[in-house]
Amino acid sequence: MPLPLRAPARGRGAAAPAWLAALPALIVIGLFSAYPVAVMVANSLGLGQPPADGGPTLEHYVRAFGSATVRDALVNSLLIAGGAVLFTLVVAVPVVLRQADDDRAGRGGAAADALLTLPIALPGIIIGFFAIVLTGRTGLLGLAWDGFSGLAYTFPGLLIAYVYFCLPRVLGPLRGAAATLDPALTESARTLGASRPRVFCTVTLPLLLPAAIEAGGTAFAVALGGYGTVATLSEGVRLLPLNVANELTTGYRLAASSTLAVVLAAMAVLALVLGRVLARLVRRAVAS
Amino acid sequence: MSRIATWSTCVFVAVPILATLVAATSVDFSQGPWGRGPTLDWFAYAWPPLAPVIGRSLAVATLVVVLNLLIGGPLAWWVARHPSPLTRITGYLVNVPLAVPGIALSVALVGTYPMLRPSGLLLVLGHLVFTLPFTLAALVPALADDELRTNESVARSLGADGARVLRTITVPACLVAVTQAVTMVFALSFGEFNISFFINPPATPTAPFALFDSYSTQRLELASAQSMIFIAFVAPVLTAIAWARRRAPRRTP
């Protein structure tokens with residue numbers, strides 16, 4: 001431990017200077033992240049500014065869940081985010097295993113690496129626009145087969161757009177997990193006579209599963225809150241983030257918008273927590 | 001099998017970008033790829049109005065990066081070097097913008113500080129809280145490194161003062177992590193759309209809003225040209241991210 005090596009601060013309190021360094025950041029986070037979220041929750045419960053809101057109430061939630069458009073958007077959001085994450089995970093597992101092999105062998109793959117990271121720097125609106133260029137009404141793929149034109153505004157089209165959105169967010173964390181897999185395990189399983197699919201199902205997959213669940217939970221939360229992609233394709237399937245924005249853009253209904261925002265945030269937090277907890281449970285089950 | 005999967009994933013990522021480039025260089029994209037011939041006119045039309053907007057986005061992203069290093073650096077140092085229940089709570093608090101969807105945070109910010117919106121201050125602060133978790137994720141493991149801490153205390157016991165230790169030991173050792181943080185924060189701020197949606201000053205929008213506007217009002221070819229210009233600005237940053245990731249030490253247990 002290098003800790004005892006450090007000379008004790010003389011003449012000033014030992015703890016005070018340390019947390020003082022963190023203070024500016026803590027103030028910014030408190031004022032512009034924690035406090036606004038608390039105000040948003042208060043607004044959704046009718047505890048906002050007195051003229052607009054008169055006392056604690058659950059009326060905004062009752063109205064939100066009573067509305068058929070909100071319920072439809074909610075179900076669509078869950079289906080799109082869940083479907084996109086599942087599909088992305090299925091695609092990502094072989095990709096990260098390949099990349100881990102390449103890294104171990106010291107083979108290049110720098111170009112593929114950069115290409116697969118690219119979508120993380122692209123805002124959701126551009127991914128929505130990609131869908132329009134390829135499968136919009138005058139889309140490129142529509143020339144090859146008529147079924148592709150207008151696909152961008154349908155449920156499967158939106159699902160593919162969200163897969164594009166999720167891909168780098170799943171590949172990144174999963175790649176780190178694949179890099180830590182011990183190749184000796186799969187090799188000894190192979191020499192003991194197990195077939196390739198059997199090794200994959202009984203050795204590789206269980207070891208990768210906790211990371212996959214955790215990355216899936218994170219990607220699900222991000223996809224659920226992703227607004228740009230669906231905003232660009234808004235004439236098609238309606239998702240919950242659109243309703244959150246609409247309550248503010250069409251007549252400034254802060255309480256209604258805050259309520260839907262809280263619902264959206266609660267689902268995202270739930271996905272994150274579930275991902276972490278399930279990953280821990282599976283890790284424990286695999287280890288024992 | 002895994003080779004095919006990797007290859008087709010690369011194709012899946014690359015095809016939309018190439019298709020957008022084709023659309024941006026077609027006279028009439030509705031007639032097919034390079035319909036009625038190839039042209040660079042759309043880029044010529046797209047650039048003059050887009051240039052000041054891109055400039056504004058670059059300025060916002062640069063400011064957000066600087067603020068991240070100024071306040072996120074000391075925070076990361078505190079979290080890495082003084083672990084306590086307090087730093088653990090701070091860790092959760094910093095990650096709030098990762099858990100709360102961007103559009104929800106946008107509603108929360110505009111509902112709380114509407115007066116800070118016109119000046120653009122709210123936009124910068126919104127980007128700052130959104131990007132801080134990424135700065136911390138990159139810097140905390142690097143600063144907590146045992147070898148670095150030993151080197152620092154050796155230098156200090158040999159008589160180097162705090163500033164000298166920071167300049168000659170800490171910063172060089174964290175260079176890859178700092179690059180990772182800077183590039184990631186820059187890219188996130190430059191392309192940020194969700195949190196910005198309600199806190200972006202309406203009179204002076206950032207680049208993603210100019211694109212979003214074009215998507216609903218302009219010709220597909222012109223919007224494609226604008227998108228390609230945007231991607232061209234993100235690509236070098238992305239190369240730096242990929243570089244930093246390859247240089248980052250892999251933890252092998």
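In chain A, what share of the contacts with a separation of 6 or more comes from residues 24 or more positions apart? Then take me to helix H2 of chain B: which residues of H2(B) meet H9(B)?

Analyst: The model is predicted. Start with chain A. Residues 24 or more positions apart supply 72% of its contacts with a separation of 6 or more. Chain A holds twelve helices and zero strands. Its elements run α-α-α-α-α-α-α-α-α-α-α-α from the N terminus. Of its 288 residues, 43% count as buried. The radius of gyration of chain A is 24 Å, whereas a compact globule of 288 residues would come near 19 Å. Along the principal axes, its C-alpha atoms fill a box of roughly 80 × 75 × 35 Å.

Now chain B. Twelve helices and zero strands make up its list of elements. The pattern along the sequence is α-α-α-α-α-α-α-α-α-α-α-α. Here 45% of the 253 residues count as buried. For chain B, residues 24 or more positions apart give 75% of the contacts with a separation of 6 or more. The C-alpha trace of chain B spans about 75 × 55 × 35 Å along its principal axes.

Next, the part you asked about. Helix H2 of chain B covers residues 41-81, and its partner here, helix H9 of chain B, covers residues 175-190. The two pack at an angle of about 140°, with their axes 9 Å apart. Angles over 145 degrees would count as roughly antiparallel. H2(B) and H9(B) are therefore oblique to each other. Their crossing is right-handed.

Which residues touch? From H2(B) come B:Ser57, B:Val60, B:Ala61, B:Val64, B:Val65 and B:Asn68. They meet B:Ala181, B:Val182, B:Val185, B:Phe186, B:Ser189 and B:Phe190 of H9(B). By class, the contact of H2(B) with H9(B) has nine nonpolar residues, three polar and no charged.

One more residue of H2(B) deserves a stop. B:Leu63 sits in helix H2 of chain B. Burial would take 20 or more, and exposure 12 or fewer. B:Leu63 and B:Ala14 lie 49 residues apart along the chain, and their C-alpha atoms are separated by 31 Å.

For contrast, take another helix pair in chain B. Helix H7 (residues 146-157) packs with helix H8 (residues 162-173) at an angle of about 170°, and their axes are 10 Å apart. That angle makes H7(B) roughly antiparallel to H8(B). H7(B) contributes B:Leu148, B:Asn151, B:Glu152, B:Ala155 and B:Arg156. H8(B) answers with B:Val165, B:Ile169, B:Thr170 and B:Ala173. Five of the residues in this contact of H7(B) with H8(B) are nonpolar, two are polar and two are charged. Recall that the contact of H2(B) with H9(B) has no charged residues.

Last, the contact between the chains. Chain B puts in 74 residues and chain A 70. On the side of chain B that touches chain A, helix H1 (residues 2-24) of chain B gives the most, with twelve residues. That side of chain B divides into 48 nonpolar residues, 21 polar and five charged.

Notes
Residues numbered from 1 in each chain as written. Chains lettered and ligands numbered in written order. Predicted model: local features only at pLDDT ≥ 70, side-chain atom pairs only at ≥ 80, totals over all residues. Axes fitted to C-alpha atoms, helices over the stretch in contact; angles between N-to-C directions. Helix = DSSP H or I, 4+ residues; strand = E, 2+ residues; numbered from the N terminus. Parallel < 35°, antiparallel > 145°, perpendicular 65-115°, else oblique. Left-handed = near helix turned anticlockwise from the far one by under 90°. Contact = placed C-beta atoms within 7 Å. Nonpolar A, V, L, I, M, F, W, Y, C, P; charged D, E, K, R; others polar. Rg over C-alpha atoms; globule rule 2.2 N^0.38 Å. Buried ≥ 20, exposed ≤ 12 C-beta atoms within 10 Å, placed from the backbone.
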